[in-house]
Amino acid sequence: MKRQLESLLRAAVERAVAAGDLVLPEIPPFTVEVPGETAFGDLATNLAMVAARTARRPPRQVAEIVQRHLVDAHGWLAAVEVA
């Protein structure tokens, strides 16, 4: 599931860049992992944190942009939250 989520996130960033919503010369290395507390969901990513500086936007804004461009055609995700 981690690889599927990583793929969905990469595609969302690519769509955000193509739409002009994010300016990133390349997608920075990021992780998808199980959070330490179950209250934070089944999987989490640091994508917004590592992309924020290059995108010159706050991490929360980057996360919201990526979330808007996230397309889950296979129905793998029950919910997506920015935290």
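**Close-ups of a predicted model**

**View 1. His69 sits in helix α3.** This helix covers residues 59-69, and keep in mind that the whole model is predicted. Is His69 buried or exposed? His69 has a relative accessible area of 14%, and because buried means under 20%, His69 counts as buried.

**View 2. Here are the residues that His69 touches.** Skip the neighbours within four places in sequence, and you are left with Ala12, Arg15, Ala16, Ala19 and Asp21. Each of these is in contact with His69.

**View 3. Now for the chain's helices and strands.** You can pick out three helices and two strands. Follow the sequence along and they come in the pattern α-β-β-α-α. The radius of gyration is 12 Å, close to the 12 Å that the globule rule gives for 83 residues, so the chain is as compact as a globular protein of that length. Taken along the principal axes, the box filled by the C-alpha atoms is roughly 30 × 25 × 20 Å.

**View 4. Last stop: the surface and the charges.** The chain's accessible surface comes to about 5,700 Å², and carbon and sulfur atoms account for 51% of that surface.

Note on methods:
Residues numbered from 1 in each chain as written. Predicted model: local features only at pLDDT ≥ 70, side-chain atom pairs only at ≥ 80, totals over all residues. Heavy atoms only, no water. Helix = DSSP H or I, 4+ residues; strand = E, 2+ residues; numbered from the N terminus. Buried < 20%, exposed > 50% of the residue type's maximum accessible area, 1.4 Å probe, protein only. Contact = heavy atoms within 4.5 Å. Rg over C-alpha atoms; globule rule 2.2 N^0.38 Å. Areas by Shrake-Rupley, 256 points an atom, 1.4 Å probe, with all protein chains shown as cover. Lys, Arg positive; Asp, Glu negative; His and termini not counted. Charge placed at Lys NZ, Arg CZ, Asp CG, Glu CD.
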